[in-house]
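Please view the sequence and the structure together while reading.

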Amino acid sequence: MLLLYVFEPTLLDDPHYSKRHWNFVKESISDINQELNNLNTRVLTVESEILPLFSYLLSQKKIVSIFSHQETGILKTFKRDKTFKRFCRNNSISWTESINNGVFRGRTNRANWKEDWESYMKSSQFVFNSMIFNNFIDIDEIETLENNLIKVSLQTHKSDFFQYGGRSTGVKYQKSFFNERYVNYSKHISKPNEARISCSRLSPYIAWGNISVREVFQYAKEYRKTAKNKIAIDAFTSRLRWQAHFIQKFEMECIMETESLNKGFHKLKKEISEKYQEAWRDGVTGIPFIDASMRCLSQTGYINFRMRAMLVSFFIHNLWQPWQDASKYLSKIFLDFEPGIHFPQLQMQAGETGINTIRIYNPIKNGLEHDSDAKFITKWVPELEQLPVRFRHEPNKLTNLEQKLYNFTLGVDYPKPIVNISSTRKKASDVIWNMRKDKDVIEESIRILNKHVIK
Ligand SMILES: Cc1cc2nc3c(=O)[nH]c(=O)nc-3n(C[C@H](O)[C@H](O)[C@H](O)COP(=O)(O)OP(=O)(O)OC[C@H]3O[C@@H](n4cnc5c(N)ncnc54)[C@H](O)[C@@H]3O)c2cc1C
């Protein structure tokens, strides 16, 4: 048995991915290698496209079976899988793909989906037993194979900002969440500072396969029996179901990567403003809570759910830019990029499904509510530090005299807001609500309800 990870140039160059993702993967492989030490094997880690690599391996070894998980990935990986399936068939290799986190392949609607998800989550986990599985290809042979391939160094620079990859770190996050951090889960989930501690932070470990949802689900259910705050545990486990719910949607309709699920919205055309997009990406829109959220996300790879939704809402509605542009950029900087959650969430926040409530977040109101002391803003937008708290939320409300008093010049020390929040909000809301009355949007909404809503 050979354990294999392939860094595919097609994905290394894909705009959805960036170095932070590949570093996380490298750290994860190093962690597995640690566990394999006493079995005298390790993961063969190389850079190659899949077909040339397997052609080479076939020239060296007989391959009987290949095992992987079912990947609900981007269009490129879907195409690669179809080609690889043909390759396996032509070479009489059996390829077994195991179910991943309760997402079912080949479904056409959601009949019995919830029941199936639950029964999968309750089913026993596979426990690796090194006494039974001990037929690994040894390190010497792996090195020989490697000599004719492009080796990948697993070295990364440990960063203070990003979560560290690897199962053992993921397990530590799980333990610390249930042992102490979960207590304020529901209370803090929408607060950008506090959520960093009170949410599980398991998302990159789940997205990159360090830890399975079934494992976390069973741990949570066991823990619940003696937990002080059962409501928080229930709120958490319901999100584990959302994880698969969203991925299932994407699995059944992968067009969501590039186009709105509701085809009625394809006629919505927006003019691209590079100036707006750049200001949003750089966190210099002149709206402090937006800029703080974006800068925090860029530097750490993480921001809580509500702030993700708000960043997207600002881009799509206030700046009136296409969701596809936000999607590509955010996938690159979310350490937990998971295509099946990412694309459907973006479309839902864009109001382009035709079935979900249209939500346009007011970033000032959200800032005052979820960062009332402006600690989060101050940390990420330090140029506002010398202002009183209320002006850190809205520096554009300072009079000229006040600006002099605080030694602060709007437009110099910090930008003026690039758009008017209330007028742009109204315009976006009018357009989207009007489109909801469109015949094509309504027809598509019915199709989507029939196909994707849990019965
Ligand atoms: C525009 C947008 C894009 C998003 N993109 C991603 C993404 O690429 N990858 C990703 O993992 N999450 C994504 N989310 C969902 C959510 O924001 C993150 O899962 C969550 O913030 C991760 O933090 P946590 O692990 O502490 O979550 P917790 O609140 O502790 O939740 C536990 C797990 O449940 C799942 N989960 C939580 N919230 C959601 C949700 N709303 N929808 C689906 N699953 C959920 C995640 O796997 C998460 O790790 C996105 C949300 C929005 C609004």
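**Domains**

The model is predicted. Its domain assignment gives three parts: domain 1 (4–102 + 137–151), domain 2 (168–251) and domain 3 (263–452). The centres of domain 1 and domain 3, taken over C-alpha atoms, are separated by 38 Å. In the contact between these two domains, domain 1 takes part with 10 residues and domain 3 with 8 residues. The side of domain 1 that touches domain 3 is made up of 4 nonpolar, 5 polar and 1 charged residues.

**Surroundings of the ligand**

The ligand is surrounded by 27 residues, and the closest of them are Cys-199, Ser-200, Ser-203, Phe-305 and His-342. Sorted by class, this shell holds 15 nonpolar, 7 polar and 5 charged residues. Domain 2 and domain 3 each provide at least three residues of the shell. Four helices, α10 (203–207), α12 (230–252), α15 (305–318) and α17 (339–350), each supply at least two residues. The largest share, 6 residues, comes from α12.

Most residues other than glycine have a negative phi. Ser-92 sits in the loop that runs between α4 (75–90) and β4 (94–98), while Asn-101 belongs to the loop between β4 and α5 (113–122).

Is each of these residues buried or exposed? Ser-92 counts as exposed because it has 8 C-beta neighbours inside 10 Å, and a residue is exposed at 12 or fewer. Asn-101 counts as buried because its C-beta neighbours inside 10 Å number 26, and the cut-off for a buried residue is 20 or more.

**A residue of helix α19**

Phe-376 is part of helix α19 (residues 375–380). Leaving aside residues up to four places away in sequence, Phe-376 touches Pro-192, Asn-193, Ala-292 and Asp-371. Phe-376 is buried, because 23 other C-beta atoms lie within 10 Å. Between Phe-376 and Ser-313 there are 63 residues of separation in sequence and 20 Å in space, C-alpha to C-alpha.

| Residue | C-beta neighbours within 10 Å | Class |
|---|---|---|
| Ser-92 | 8 C-beta neighbours | exposed |
| Asn-101 | 26 C-beta neighbours | buried |

Conventions:
Residues are numbered from 1 along each chain as its sequence is written. This is a predicted model: local features need pLDDT of at least 70, side-chain atom pairs count only at pLDDT 80 or more; totals for chains, interfaces and linings use all residues. Two residues are in contact if their C-beta atoms, placed from the backbone, lie within 7 Å. A residue is near a molecule or strand if its C-beta atom, placed from the backbone, lies within 6 Å of it. Ala, Val, Leu, Ile, Met, Phe, Trp, Tyr, Cys and Pro count as nonpolar, Asp, Glu, Lys and Arg as charged, and the others, Gly among them, as polar. Domain bounds come from an automatic or database domain assignment.
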